[in-house]
Amino acid sequence: MLHIYISNISIVMIGIDQINFFKQHGWVKIECGLSDLQIDDLFRKTKKIVDITKKQKYPFIRLYHDYFFADNIAAVEAPLNQEISQENIYYYLSKINLGQSISKLTNWNKSCCSLIRLFCMENFKYSGHWHRDREEINQVVQASFYLKDEKGFKIRKKFLEIKKENRYPNNLCLDINNKLLPLKLNRDEYDIIDAKKGDIIFFEPALLHQGKYDNSRLQFHMRFHDSDSQEIINEKLYKYDFLDFDIFEHLKFDASFDARKEKLDVYSKKNNTISRIKNLINYFIPYRNLRSYIMQKTKYKVYNFDLYANTILQKKI
Ligand SMILES: [Fe+2]
């Protein structure tokens, strides 16, 4: 990785080693190049987005596990909208050259961003399901920009994923995604990626992956496409002249409520009080996990499941 310093700003250039690593493993981690002061400032501004989201009851949020005393918002969609973002954080994103990095990793001339999600869970242990965001490889790239240290992102080894006989086909994963407990893979089947604040992980979302962590979170999660690809030919794109990638129109700083509503499939509602009390009890005494474990093991005999997922007893591996 090359650091070029211009007027005290470090510009990170992805080098050939990172490109080869990405091609071989389907992921690569780099530093964003912002100074500690800039990252701290961005952290504060981003944290403010979460505070305003809660205060204003911004509707485009995701709730994965809400508890009796905590809404525990999992993520904010379109977080850079002026409704909740007081300062245009796109200026910061322009400094970390995401578009340029993606072009180097993929050989695309130009990229565009269809998803910006701010993961912001509170201080609960969390384990998502193992999933693929795409069926085919090399169509999109996802980037996670960490504003807080985060341990535990897992991605299945690429050579296992491209094998003809896949132990975890999509229909199996989708079926299990409707159950309570995520799959538990053998440790030698996946890479585990710990990130520090200021790190960016680029990854191939057609590889089986799992978000897992044991603390609160602040992370921008973004999806990029080749601007010349057929699948986005009919999309309305917007170009900021200071940014090295285009964005879908509903992600603009001043995108209307209707533009966001049309594109975002979320309108999350809190669970009722009884469910949230049960969620809280299960977090400390995982009776529901135990019941699901027995049911899931009976149904999917050769597969293993994470008995303690989303409870205080959750393990890193
Ligand atoms: Fe994903």
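Leaving aside neighbours within four places in sequence, Lys154 is in contact with Tyr190, Ile192, His209, Gln210 and Lys212, in a model that is predicted. Lys154 belongs to strand S9, and Lys154 is classed as buried because 21 other C-beta atoms lie within 10 Å, where the cut-off for a buried residue is 20 or more.

- Strand S9 (residues 150-156) takes part in an open sheet of three strands, whose order is S10-S9-S12 and whose pairing is antiparallel.
- The edges of this sheet are formed by strand S10 (190-195) and strand S12 (209-210), each of which pairs on one side only.
- S9 and S10 run antiparallel and are joined by five bridges, and within this pairing Lys154 stands opposite Ile192 in S10.
- Although Lys154 and Ile192 are 38 residues apart in sequence, their C-alpha atoms are 4.5 Å apart in space.

**Strand S11 and its partners**

- Strand S11 (residues 199-203) is mostly covered, with four of its five residues buried.
- Strand S3 (residues 27-31) pairs with S11 in the antiparallel sense over five bridges; Trp27 has Phe203 of S11 as its bridge partner, while Glu31 stands opposite Asp199 in S11.
- S3 is itself largely enclosed by the rest of the structure, because four of its five residues are buried.
- Strand S8 (residues 140-146) also pairs with S11 in the antiparallel sense, here over four bridges, and Ala143 has Phe202 in S11 as its bridge partner.

**Helix H2**

- Helix H2 (residues 36-56) has 21 residues, which at 1.5 Å a residue should span 30 Å, and the distance of 30 Å between its end C-alpha atoms agrees with that expectation.
- The buried residues of H2 are Ile39, Leu42, Thr46, Ile49, Val50 and Thr53; seen down the helix axis, these buried residues fall within an arc of 90 degrees, so they line one face of the helix.
- An α-helix has 3.6 residues a turn, so residues three or four places apart point the same way.
- On the face turned away from the buried side, H2 carries the exposed residues Leu37, Arg44, Asp51, Lys55 and Gln56.
- The buried residues of H2 pack against strand S4 (61-63), strand S5 (73-77), H3 and strand S6 (111-119).
- Just after H2, Lys57 adopts a positive phi of about 55 degrees.

**The nonpolar core and a buried loop residue**

- The largest nonpolar core has 67 residues, and those with the most contacts inside it are Val76, Cys113, Cys120, Phe202 and Phe224.
- In soluble globular proteins, nonpolar side chains tend to be buried together.
- Asn97 lies in the loop between helix H3 (90-95) and helix H4 (98-106), and Asn97 is buried, having 20 other C-beta atoms within 10 Å.
- Asn97 and Leu237 are 140 residues apart in sequence, and their C-alpha atoms are 18 Å apart in space.

**The protein as a whole**

- The secondary structure comes to nine helices and 16 strands, and buried residues make up 38% of the 317 residues.
- A compact globule of 317 residues would have a radius of gyration near 20 Å, and the value of 20 Å found for the protein agrees with this.
- Along its principal axes, the C-alpha trace spans about 60 × 50 × 40 Å.
- Among the contacts with a separation of 6 or more, 80% are accounted for by residues 24 or more positions apart.

Note on methods: Residues numbered from 1 in each chain as written. Predicted model: local features only at pLDDT ≥ 70, side-chain atom pairs only at ≥ 80, totals over all residues. Helix = DSSP H or I, 4+ residues; strand = E, 2+ residues; numbered from the N terminus. Rg over C-alpha atoms; globule rule 2.2 N^0.38 Å. Buried ≥ 20, exposed ≤ 12 C-beta atoms within 10 Å, placed from the backbone. Contact = placed C-beta atoms within 7 Å. Pairing = 2+ DSSP bridges. Core = buried A, V, L, I, M, F, W, Y, C linked by C-beta atoms within 7 Å. Expected span 1.5 Å × (residues − 1). Arc of directions from axis to C-beta.
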